[in-house]
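Here is a short report for a reader new to this protein. Look over the sequence and the model before reading on.

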Amino acid sequence: KVSASWPTGQRYMWFCCLANPQTWSRQELAALLAGDPLRDSPFAQAIVHAKGLLAVPNSTVSIYTRLWCVAEAKIATDH
């Protein structure tokens with residue numbers, strides 16, 4: 001499904017699940033995410049500068065029940 005949805009001519013993809021270090025402590029992540037994580041974090045800035053967004057769902061949990069997935073879609077559609 002991913003390869004069928006891949007944009008024509010697109011050579012690279014950034015995976016948002018790799019954006020925040022998953023093994024960092026809450027304090028370390030808070031420092032990385034800065035003041036407003038929906039606006040200022042490296043994660044949000046990457047989405048703002050992206051040329052597209054490809055959501056890859058799974059069969060276990062709807063991506064739209066996960067708050068960060070909804071936030072990603074909102075950030076992307078706003079820009």
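How many helices and how many strands does the protein have?

## Overall fold

This is a predicted model. The protein has four helices and zero strands. Followed along the sequence, the pattern reads α-α-α-α.

The C-alpha trace spans about 40 × 30 × 20 Å along its principal axes.

The protein has 79 residues, and 13% of them count as buried. Its accessible surface comes to about 6500 Å². Carbon and sulfur atoms account for 58% of that surface.

## A look at Ser41

Where does Ser41 lie? Ser41 sits in the loop between helix H2 (26-33) and helix H3 (42-49).

Is Ser41 buried or exposed? Ser41 counts as buried, because its relative accessibility is 0% and the cut-off for buried is under 20%.

Which residues does Ser41 touch, leaving aside those up to four places away in sequence? They are Leu33 and Asp36. Leu33 falls within the range given for helix H2 (26-33).

Val56 gives another reference point. Ser41 and Val56 are 15 residues apart in sequence. In space, their C-alpha atoms are 22 Å apart.

Methods: Residues numbered from 1 in each chain as written. Predicted model: local features only at pLDDT ≥ 70, side-chain atom pairs only at ≥ 80, totals over all residues. Heavy atoms only, no water. Helix = DSSP H or I, 4+ residues; strand = E, 2+ residues; numbered from the N terminus. Buried < 20%, exposed > 50% of the residue type's maximum accessible area, 1.4 Å probe, protein only. Areas by Shrake-Rupley, 256 points an atom, 1.4 Å probe, with all protein chains shown as cover. Contact = heavy atoms within 4.5 Å.
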